[in-house]
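Open the model in your viewer and keep the selection panel at hand. This tour goes stop by stop.

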Amino acid sequence: MTTLEAGAGPRPIDRRLRRAALLIAPGLAIQAATLGSSHPLAFIVFMFPGGFLVAAGIVLFLWAIASA
Amino acid sequence: MAGMALAVTALIVLAIALIAVVALRPNLTAARGGKVLAFLAFFLLPVLGTVFALEAHLDRSKSTEFCLSCHVMEPYGKSLRIDSADFVPAAHFQNRRIPRDQACYTCHTNYAMFGGFKSKIRGLRHLYINYIGTMPKKIELYEPFLNRECLHCHAGARGYVESEGHEDQLEDFAAEKTSCIECHSDVHDVANLAKHAVWKEGKP
């Protein structure tokens, strides 16, 4: 018989941090990829998928630490 | 410019690496050092990376290459190679009176307070129109071309002050009472590009 110890499972903040990571890391990767081009489309991709993902991830991170 | 992009890329790669560490080992954040690491990885570095990358993009948006990326601007790029000293943009471009790599921006930005900011807002509008909106049939300036933009460079220059026809009107030019364009009226002339000889060197 196993006994579950209190606090042994993932904390809610851990899940939120992972979700924030899944938003921020791809967003930053997209932003870095656009730095190689001077085309206007590169700027749009930087702003919209890139900037949006990073902003959403940062908000999620701040929410995670505020609610912890 | 390339150095700036490289530095921003390095900052972003560092942020992604730290994010991966915290995401894979979230229990690190139980300790004080882990909390600082998470703050760096999830907040400070992404914000700095985004701000510096935005700065790099905005700086590139001043480039002639950027402006001429839109098909509608191609004739204006070609007009910079009209082989005639009478055409103001062509003469400025070919004689390096303006930096060739920022030819459009140098003359079409607004040399007043917040002019650079306004130019960038206009640029965003142009992106919207180019990709999503409706292109106007005729490309026109938002407002008449002001002497202020010419005088940003020419004011006080000997070639301008002592030039015949300028000497007695300097105050009028400065006060925008007489437009530079009234005499120097040959500008891009995109409607008649085919009629002009083309300077072969120095592609925009």
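**Stop 1: a histidine in a loop**

This is a predicted model. Select His166(B), in the loop of chain B that runs between helix H9 (158-161) and helix H10 (170-174). Is His166(B) buried or exposed? Its relative accessibility is 15%, under the 20% cut-off, so His166(B) counts as buried. Now show what surrounds this side chain. Leaving out residues up to four places away in sequence, His166(B) touches Tyr160(B), Val161(B), Phe173(B) and His184(B).

**Stop 2: an arginine in another loop**

Stay in chain B and select Arg100(B). This residue is in the loop between helix H5 (88-94) and helix H6 (103-108). Along the chain, Ser63(B) and Arg100(B) are 37 residues apart, while 8.7 Å separates their C-alpha atoms.

**Stop 3: chain A**

Color chain A by secondary structure. You will find two helices and zero strands. Chain A has 68 residues, and 38% of them count as buried. Switch to contacts within chain A. Among those with a separation of 6 or more, 68% link residues 24 or more positions apart. Chain A exposes about 3,900 Å², with 71% supplied by carbon and sulfur atoms.

**Stop 4: where the chains meet**

Show both chains together. Here 34 residues of chain B are in contact with 29 residues of chain A. The two chains bury about 2,700 Å² between them, and 77% of that is on carbon and sulfur atoms. Which residues of chain B lose the most area to chain A? Select Phe42(B), His57(B) and Tyr131(B), which together make up 23% of what that side buries.

Now look for polar links across the interface. Seven residue pairs are in polar contact, counting pairs with both residues at pLDDT 80 or more. The salt bridge count between chain B and chain A is zero.

Finish by coloring the chain B side by element. Helix H1 (2-24), helix H2 (32-60), helix H3 (64-67) and helix H7 (115-131) of chain B each give two or more residues to the side that touches chain A. H2(B) supplies the largest share, 13 residues.

Methods:
Residues are numbered from 1 along each chain as its sequence is written. Chains are lettered from A and ligands numbered from 1 in the order in which they are written. This is a predicted model: local features need pLDDT of at least 70, side-chain atom pairs count only at pLDDT 80 or more; totals for chains, interfaces and linings use all residues. Side-chain values use heavy atoms; hydrogens and water are left out. Contact means heavy atoms within 4.5 Å. Buried area is the accessible area (1.4 Å probe) that two parts lose on being put together, summed over both. A salt bridge is a side-chain nitrogen of Lys or Arg within 4 Å of a carboxyl oxygen of Asp or Glu. A polar contact is a pair of N or O atoms within 3.5 Å; within protein, one must be able to donate a hydrogen and the other to accept it, and residues adjacent in sequence count only if both atoms are side-chain atoms. Helices (H or I, at least four residues) and strands (E, at least two) are DSSP runs, numbered from the N terminus. Buried means under 20% relative accessible area, exposed over 50%, partly exposed in between (1.4 Å probe, protein chains only). Accessible areas come from the Shrake-Rupley method with a 1.4 Å probe; for residues, only the protein chains shown count as cover.
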